[in-house]
Every structure is written in structure tokens, then in C-alpha cells.
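Here is a short note for a first look at this model. Please read it beside the sequence and the structure.

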Amino acid sequence: MSWEAARHVAAGSVQPLGAVPVPPAEALGCRLAGPLRALVAVPGVDVSAMDGYAVAGDGPWRLVGRVLAGGEAHPGPLAAGEAVEIATGAPVPEGAEAVVPYERAVAGAGSVDGVAEAGRHIRRRGEDIPEGAVVLEAGAVVTPVALGLAAALGHDDLLVRPRPGVLVLITGDEVVHKGRPGAGRVRDAIGPFLPGLVEWAGGRVMDTIHLPDGPSALQAALTGPYERRGGADVVVVCGASSKGPADHLRGVLAALGADVLVDGVAVRPGHPQALARLPHGPLVAGLPGNPLAALGAALTLLVPALRGLTGTPATRETGTLAGDVRPHPRDTRLVPVRRTREGAVPVGHDRPGSLWGAALADALAVVPPGWEGERVELIELP
């Protein structure tokens, strides 16, 4: 399957997850499933914008009380010629026509004088945000500032598309997970980058399980963990996706009756990737064991699926390549590049087994087969 077709299949293989109300701590980074409305007006009542005196009529004014923010409101309306000392944010009494700041007032024994400008330094109810106003549309990302806004508007929970849960299975007898790998062993480089990539794409890694080679362990992991771990929307299998003697993913998927959506992609690096749906629902994304190939496959299949589950709209960036890039005659190439004013510059160090080039890059350039210098798509890296 072509790279473009595979990515399209991955994006179309899911529907956005159902909306759920969650507390603010869980909503951060999610997308709103509906518009965020103001449950209260801001400000909720007419309040003072300055420390000073709320006055009615012309001065001098007789002081008849004091109102503090968070304190009791002044009982009854102000009559002409009356004033109350007032703090910033305190409710303005009914009948008040202006607030005279301290620095523009002269206070005496039981009275105050100064110049009042009609309506000055009074924030009227709903002046900033009217009650019922839509302040964020459905699909907006819940940022830290959005959480503060929601709280100010009276929300204890937010209706969001939840983060898809991802189960990661790292396979391979040769893979070690700490220390320096010995002869014939390799240190796992895929497991460490997947949680950040999954979070960047809108999901969350629920668990990471290390499996030995062999179909039985892989089949058990694909059929057993969902109830115990609360369910996964996507399972990522790292390694075992090629056609070597230790690559069992396709055989296990066939044994489980999975619907295979993508079986290999015409892309370099990362062609032995796969996408399938198990009979009980979750997607399975098979990534190659080479780290850069796994990154390319994750951006091809896993990221579009996660963004589909969160309802994230697709975006597309293009640019010119400023460097010597050889296209492949049949396959799409994913080339690590840095974006500059002159164009996207290849950084090199792009062998499938190394993440060096990707660590130097801020994007992957999508170079189609037979490319002849036209603009190319740029996939942002986390």
C-alpha cells in the first residue's frame, strides 16, 4: 500500500471517542466535546474597578458605610449625596453612579469630596463575559489557561473527548531495557520515545509490557489485558511485524481473526508495518523493530489513528527541500530535516536503526517516489 493510502486508512479506521465529563486535572490536553459556556456572568454583579468611594449624585458626599471584596453588600441603594468606601472587586451599591479613586478624593470627618465621572471605574455585570456566552468552541484544546477560564465561569467538570488508551508491547529476546547491551543484544530505543509521542498525539500509554519472542506470549498479551487494565483503544506491537523467523505478529493476528487494514507500506524506512482491528475492538499497530523505522511507522499509522479518536482535525504543512535528496523509484522516503528560512535541510544520520538524525530534526520530509524537486509535505516531530 502507498504511504499516503496507509495514512488515510489509519485516520479513517476510527471514530472520535464518546464525550465524558471529567475533572479539570484529567481534562488538560483533551479536546472539548461541546462548546464551553459561561455558567455565570463575569463580573457576576456590578463591582468596583478601583479602591476608593462609590458615590451617587454630586459631591461632597456623606460617608454612609464601607464595602470590602468578599464582604457584605451595602444594605439598600445610595441616595444622592451619599458615598461608601469601597475596595476593588467589591459590589457597587445600587444607585452608585461612579467610583472616585482614593488618589482623586479628599476625605474629611464623615464626608468625602472629589470629581466623579459618570460610570467611571465601575465594571458592570457581564461586562467581560455575559452569562450563557460561548467562550470556547467544541474541539478546542483544554490548555492550562482554559482550565482557569472554565473554573472562573463556574465549571467543576468539563465535557471532553478522553485521551485514547494505548497498550505498548515490546517484543524480542535480544532487547534489553537498561544498562549497556552485551554482544548480540540491543538496547530498547522505541519504548522510551513512544509515551511522549503518544501524549503529543493526544493519547496516553496505559502500560508497557516486555515480551519474549514467540507467538504464544504475543497472543496472550493481545487477548488478556483489557479487562484487567480498564481497556485499551490501541495496542502497539514493537518488533515482530516483518517476515523473519522471529516475526509472529501477522500469524497471531490471523489466528485471532483480526481484520487486517494495512499489511506493509511502500515507505522507507518502515515498510514492514501493519494495522489491524481485533474482533473485540482495539486497533493493533505493528511497528518495525528498527527505531527510525518504528518512528516513521508510528507517524504513518499510530498518530493518525490517535488523532481520529480524539477528533483532532488534520493539518498539512508543506515546504521546499534545500539539500541533496535522492528519491526512491517506487517507495516514499521519510527524511529527517530541519526547517530553515532557506527550506527544509536534511540532517543526515538517517539509517533505519538509528534515531540520531531524527533527534537532530524537527520534521520528516515526505519525499514521494520519482520526486523531481516540487514542494513536499513536512510532518512535525514531537
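1. What share of the contacts between residues at least 6 apart in sequence join residues at least 24 apart? In this protein, 68% do. Contact means heavy atoms within 4.5 Å.

2. The model is predicted: local features need pLDDT of at least 70, side-chain atom pairs count only at pLDDT 80 or more, and totals for chains, interfaces and linings use all residues. Residues are numbered from 1 along each chain as its sequence is written, and side-chain values use heavy atoms, with hydrogens and water left out.

3. The protein has nine helices and 27 strands. These are DSSP runs numbered from the N terminus: helices are H or I with at least four residues, strands E with at least two. The radius of gyration is 31 Å, well over the 21 Å from the globule rule for 382 residues, so the protein is more spread out than a compact globule. The radius is taken over C-alpha atoms; the rule is 2.2 Å times the number of residues to the power 0.38.

4. Of the 382 residues, 44% are buried. Buried means under 20% relative accessible area, exposed over 50%, partly exposed in between (1.4 Å probe, protein chains only).

5. A search of the whole structure finds one aromatic pair. Rings of Phe, Tyr and Trp (its six-membered ring) pair if their centres lie within 6.5 Å; planes under 30 degrees apart are stacked, over 60 edge-to-face, the rest tilted. Tyr53 is buried at 8% relative accessible area; Tyr102 is partly exposed at 35%.
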